[in-house]
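Visitor: I have a structure open and would like a quick tour. Can we take it piece by piece?

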Amino acid sequence: MADTARGPIDIVLEIPGRWDARPEVAGVSIAVGPRDSGLRARYERLNEGQLGDADLAAVDDHTSIVRVRAGGGSVAATRAVVDVAARLLETGGSAVNVVAAELVQGRRFWLEIAQRPWHDALVHAFVGIRATESTAASRGMQALGMRDAELTRARGELLDAT
C-alpha cells in the first residue's frame, strides 16, 4: 500500500548506453545527458558484484546517459517501469542504476527480471540492502509503495533480551 502522506512516489533510473538517436518511450519523462567519464568507477562501487568485466566495459563505452523518471508506489506502476527500462536496454542501454536504492544491475539481469511475472523479481530489481556489524537497512522499498526498514539488533539479541 502506498504511503500517501508522503505524496507521489517517483522512480528514477539512470541507464547509460549507446543510442543512434534520442530514445523515446511513451508515458515517462526521459532526460538524456552526456557521457560521464567517472561512471564506470561509480558503478563498480554500487553494483554489489552484479556487473562483470564485460558489463563494466559496456558501461565505460557509453555515449550518453538516459534518466527515466516515472511514477511508482505500487506493484503495477513499478512493473511498468521495469518494462520501460527493458525497452531502453534492448535499444542500446548497458546497465540500470536505481537511483534511490543506489543499486546497479547489468543488462542481462534486468532483462531477465522483465521476463519474470513474480512480485519478488521487483524486489530484486528495486531494493538494495546495506549491512554493517550492527544494522541492516533496505533502500528503495518506496518504489513498491512501502517504507524502508532498518534492523539494529541481531536475531539472537532479540531473543536473549530481558
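Visitor: Which residue in β3 does Val12 stand opposite?
Guide: Arg69 in β3. This is a predicted model, by the way.

Visitor: How many bridges pair β1 and β3, and in what sense?
Guide: There are 8 bridges, and the pairing is antiparallel.

Visitor: What packs on the sheet there?
Guide: Helix α4 does, touching β1, β4 and β5. The direction of α4 makes about 90° with that of β5.

Visitor: What is the strand order in that sheet?
Guide: β2-β3-β1-β4-β5. These 5 strands form an open, antiparallel sheet. β2 and β5 are the edge strands, and each pairs on one side only. From one strand to the next, the twist averages 20°.

Visitor: Back to α4. Which of its residues are buried?
Guide: Trp110, Leu111, Ile113 and Ala114, in a helix that covers residues 107-115. They span an arc of only 155° around the axis, which puts them on the same side of α4.

Visitor: And what does the face turned away from the buried side carry?
Guide: The exposed residues Arg108 and Gln115.

Visitor: Switch to α1. Which residues are buried there?
Guide: Leu39, Tyr43 and Leu46, in a helix of residues 39-46. Looking down the axis of α1, the buried residues fall within an arc of 65°, so they line one face of the helix.

Visitor: What do they pack against?
Guide: Helix α2 (53-60), and the strands β1 (10-17), β3 (64-71), β4 (95-98), β5 (103-106) and β6 (128-131).

Visitor: At what angle do α1 and α2 pack?
Guide: About 145°, and their axes are 8 Å apart. The crossing is right-handed.

Visitor: Which residues meet?
Guide: From α1, Leu39, Arg40, Tyr43 and Glu44. From α2, Leu56, Ala57, Val59 and Asp60. That contact divides into 5 nonpolar residues, no polar ones and 3 charged.

Visitor: What about the backbone just after α1?
Guide: Glu48 sits there with a positive phi of about 50°.

Visitor: Is Asp36 buried, exposed or partly exposed, and why?
Guide: Partly exposed, because its relative accessible area is 29%, while buried means under 20% and exposed over 50%.

Visitor: What is Asp36 in contact with, leaving aside neighbours within four places in sequence?
Guide: Arg42, His62 and Ile65. Also, the C-alpha atoms of Asp36 and Thr63 are separated by 8.3 Å, though these residues are 27 apart along the chain.

Visitor: New topic. What is the strand order in the sheet with β7?
Guide: β6-β7-β8. The 3 strands make an open sheet with antiparallel pairing. β6 and β8 (150-151) are at the edges with a single partner strand each, so one side of each has no neighbour in the sheet.

Visitor: How do β6 and β7 join up?
Guide: Through a hairpin of 4 residues. The two strands pair antiparallel over 4 bridges. Ala131 stands opposite Ala136 in β7.

Visitor: How many bridges join β7 to β8?
Guide: 2 bridges, with β7 (residues 136-139) running antiparallel to β8. Ala136 stands opposite Leu151, and Ala137 stands opposite Glu150.

Visitor: Zoom out. How many helices and strands are in the protein chain?
Guide: 6 helices and 8 strands. Along the sequence, the pattern is β-β-α-α-β-α-β-β-α-α-β-β-β-α.

Visitor: What share of the residues is buried?
Guide: 40% of the 162 residues in the protein chain.

Visitor: And how much of the contacts comes from residues 24 or more positions apart?
Guide: 67% of the contacts with a separation of 6 or more.

Note on methods:
Residues numbered from 1 in each chain as written. Predicted model: local features only at pLDDT ≥ 70, side-chain atom pairs only at ≥ 80, totals over all residues. Heavy atoms only, no water. Buried < 20%, exposed > 50% of the residue type's maximum accessible area, 1.4 Å probe, protein only. Arc of directions from axis to C-beta. Contact = heavy atoms within 4.5 Å. Axes fitted to C-alpha atoms, helices over the stretch in contact; angles between N-to-C directions. Left-handed = near helix turned anticlockwise from the far one by under 90°. Nonpolar A, V, L, I, M, F, W, Y, C, P; charged D, E, K, R; others polar. Pairing = 2+ DSSP bridges.
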